[in-house]
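Hi everyone, thanks for coming. Please have a look at the sequence and the model on the screen, and then I'll walk you through the parts I'd like to show.

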Amino acid sequence: QEKVFNQAVTQNPQSLILEGGSIESDGQGTLLTTRHCLTAPNRNQPMSYEQISDTLLSVLGAKQLLSLEHGQLMGDDTDGHIDTLVRFCDPDTLVYQGCDREEDEHFLPLNSMAEALTELRNLQGKLYRCHALPLPEPKFNAEGERLPASYANFLIINHAVLVPTYKDPHDEAALAVIQRCFPDREVIGIDCLALIEQGGSLHCCTMQIPAPQR
């Protein structure tokens with residue numbers, strides 16, 4: 001599969017600005033993303049969303065691209081990477097970063113996102129099973145800026161799922177939700193308070209390998 005993908009990219013060179021965390025795949029031909037991440041002014045202009053979508057589907061060999069209009073986290077500098085918001089657990093199941101605190105600035109956008117998820121369908125026309133994650137209490141840096149703490153930024157590895165935690169009262173509840181979504185894997189919490197100081201969390205830091213210093 002890696003060889004086929006590399007050949008496709010080599011034969012169809014593109015100049016898309018598209019980090020790994022900006023798309024999520026079910027492995028069955030469906031891609032999930034946020035529209036803003038693909039069409040922000042600093043990305044992929046002057047291509048239209050339709051042109052970007054057609055290019056992604058062609059290069060990655062996918063059959064449909066589902067995009068969300070709402071949900072970017074405060075402090076996120078990625079224009080709304082999907083890996084902080086919604087993830088596939090299996091081809092029929094989505095887990096997403098929810099918010100049930102009306103006073104929180106994320107309440108409206110995340111609940112609008114949750115409502116949109118209930119309308120998405122897979123390639124067989126079936127609705128997804130959707131599971132909400134609790135939202136961590138607000139986390140701030142030394143300058144008082146809110147950090148993008150999300151439980152959706154987990155990492156799936158062989159036989160386990162590594163889940164970011166934040167020394168937060170909601171950590172255990174978030175781990176329990178993800179355990180229900182991955183009953184055959186061990187769910188392990190990883191303290192990521194230091195990581196979100198850098199603008200991302202656990203899954204974010206596994207997506208790129210920095211160039212070695214010379």
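Let's start with a pair of strands: E4 and strand E5, residues 93–97, run antiparallel and are joined by four bridges. Two strands count as paired if DSSP finds at least two bridges between them.

Before going on, a word on where this comes from: this is a predicted model, so to speak of local features we need pLDDT of at least 70, and side-chain atom pairs count only at pLDDT 80 or more, while totals for chains, interfaces and linings use all residues. Residues are numbered from 1 along each chain as its sequence is written, and side-chain values use heavy atoms, leaving out hydrogens and water.

Back to our strands. Which residue in E5 is the bridge partner of aspartate 90? That is threonine 93.

Zooming out, E4, E5 and E6 make an open sheet of three strands in the order E4-E5-E6, with mixed pairing.

Now the helices. Helix H4, residues 107–117, lies across E4, E5 and E6 and runs at about 170 degrees to E5. H5 packs on the sheet too, touching E4, E5 and E6, and its direction makes about 160 degrees with that of E6. For these angles, axes are lines fitted to C-alpha atoms, for helices over the stretch in contact, and the angle between N-to-C directions runs from 0 to 180 degrees.

What about the inside? The largest nonpolar core has 23 residues, and among those with the most contacts inside it are Val95, Phe154 and Ile178. Such a core is a set of buried Ala, Val, Leu, Ile, Met, Phe, Trp, Tyr and Cys residues joined through side-chain atoms within 4.5 Å. The largest share of this core, five residues, comes from H5.

Asparagine 44 is not a glycine, yet has a positive phi of about 55 degrees. Histidine 159 is not a glycine either, and its phi is positive at about 70 degrees. Are they buried or exposed? Asparagine 44 counts as buried, at 6% relative accessibility, whereas histidine 159, at 66%, counts as exposed. Buried means under 20% relative accessible area and exposed over 50%, with partly exposed in between (1.4 Å probe, protein chains only).

How values were computed: Helices (H or I, at least four residues) and strands (E, at least two) are DSSP runs, numbered from the N terminus. Contact means heavy atoms within 4.5 Å.
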